[in-house]
Amino acid sequence: MEGKMKSSGIKVTLLVRALALATTAGTFALISLAQANETLKIGALGVMSGPFAGWGGVMCQTSKTRAAMWNDDGGVAIGDKTYNIEVVCVDDKGDPKGAQTGAEKLVSEGIKYIQGPNTDSTAESAKAVMEANGTINMPYAFSKSLYKAPASQSILGMVASYQVGPVIYKWLMDNKGIKKIAFVCENNADPLNQRNEGTAAAKTLGLEVVSDQETYESGTTDFFPVLTKVIGTSPDHIVLSGVNPSDVGPLIKAARELGFTGTMSTETGQDPRAIFEVAGEAANGFIVAGGASTEAIRSDFMVKFIERYTKDWGEWNDVAGLYVYGPEIIVQTLQSTPKALDDTEAFKAALDSFVGKNPFLKEGGELKYVGRQDYGQSRQVSVPIVVQAVKDGAYEPLFVGKLPD
């Protein structure tokens, strides 16, 4: 018996040693594989602090989560090499000077593809750096000068307010019978521009614009005075043009407390939970455009992305469903044109003909570059137009549209 026990002990010891050796060998193999992969850096430049942090911060988090998923799957094959994706985030603090220095920092690290910035003023400031260095960037800003020739380095990563605004207004005319519309915005370049574009679109549709001159200053906490004037013009619908995430809840709440019973909307991406936390039931029915994913159209992969994002950052943010299109189309374009890793001119040359697969939609579809109608060249990502309404801290879809080529 003792001999058998010794023999069994020896076998167990040998098995443990064998498993240890196998584990060690596997570990070295994984390390070796990771070391064999090269690194592709993608930049994320945007406002990651202050009242607009809900835009740039989520953009950075989105890219990091998508990169982690690629890396967990062994990296991204581009040409005859495999790359781990590294996302380098820079906070421009919503300041044009910060955007310029941030762009210079990313370029100095050899980064040729950058997601962001998030506003017209910061994107315009970064534009000179992008153009001078041949760097491709993907702003979430609507100024047409960023995307029209002679500009060539910027690609709009979302649906512009002047593209989705008329779609929302027409839907409201047909489904809610609105006839009179009002606009209110912060007294800053970006929201003022969005207000002007929205006003022009509303007039073209035949709506009566009863108020479009009321503004509030950055940092305002009491919105009653400005909304009292707007509501006094008896609009059926109020547009919060270019509203930042920290203001939208208080504006909705103030409007409802003043007795406004009509519809309200914005064309900028928002988080429904954040709105509901401030405005409560007053937020129900608030119409938002700018996201690109609803439960009805999500693919299994988008569901996995949402689960991973939630695990990484604690909670899902609807705007991430839009931002994830940025790194996805950049990587897919590089895969189709490996030369573009070092030559952004090759990347630009591929924009007209590139057709990739959209992994985020249940019915699949194409991932490509559009924008010829509005910018005269392919300088916009073909994200779906998703229009939604807040319902108890979540979104319920109203309709889904498609950008023209």
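Predicted model: local features only at pLDDT ≥ 70, side-chain atom pairs only at ≥ 80, totals over all residues.

## The largest pocket

The largest pocket has a volume of about 470 Å³, and of the 29 residues that line it, Phe52, Trp55, Asn118, Thr119 and Asp190 are the closest to its centre. Two or more lining residues come from each of the elements α4 (120-133), α6 (189-204) and α11 (320-323), with α6 giving the largest share, four residues.

Sorted by class, the lining of the largest pocket comprises 13 nonpolar, twelve polar and four charged residues.

## The second largest pocket

The second largest pocket holds about 370 Å³ of space, and its lining is made up of 17 residues, of which Leu361, Gly364, Glu366, Pro384 and Lys402 are the closest to the centre. The strands β12 (366-370) and β15 (394-401) each supply at least two residues of this lining, whose classes divide into seven nonpolar, five polar and five charged residues.

## The disulfide and the cysteines

The count comes to one disulfide, which joins Cys60 to Cys89 with an S to S distance of 2.1 Å. The torsion about the S-S bond of Cys60 and Cys89 is about 95°, and the disulfide is therefore right-handed. Distant parts of the chain are linked by this pair, since Cys60 belongs to helix α2 (residues 53-72) and Cys89 to strand β3 (residues 81-91), 29 residues apart.

Cys60 counts as buried because its relative accessibility is 9%, whereas Cys89, with a relative accessible area of 25%, is partly exposed. Cys185 is buried, with a relative accessible area of 0%.

Key
Residues numbered from 1 in each chain as written. Heavy atoms only, no water. 1 Å grid on protein atoms, 1.4 Å probe; cavity = no way out; pocket = protein on both sides within 12 Å on 5 of 7 lines; lining within 4 Å. Points joined across faces, edges and corners; volume = space filled by probe spheres on them. Nonpolar A, V, L, I, M, F, W, Y, C, P; charged D, E, K, R; others polar. Disulfide = S-S within 2.5 Å. Buried < 20%, exposed > 50% of the residue type's maximum accessible area, 1.4 Å probe, protein only.
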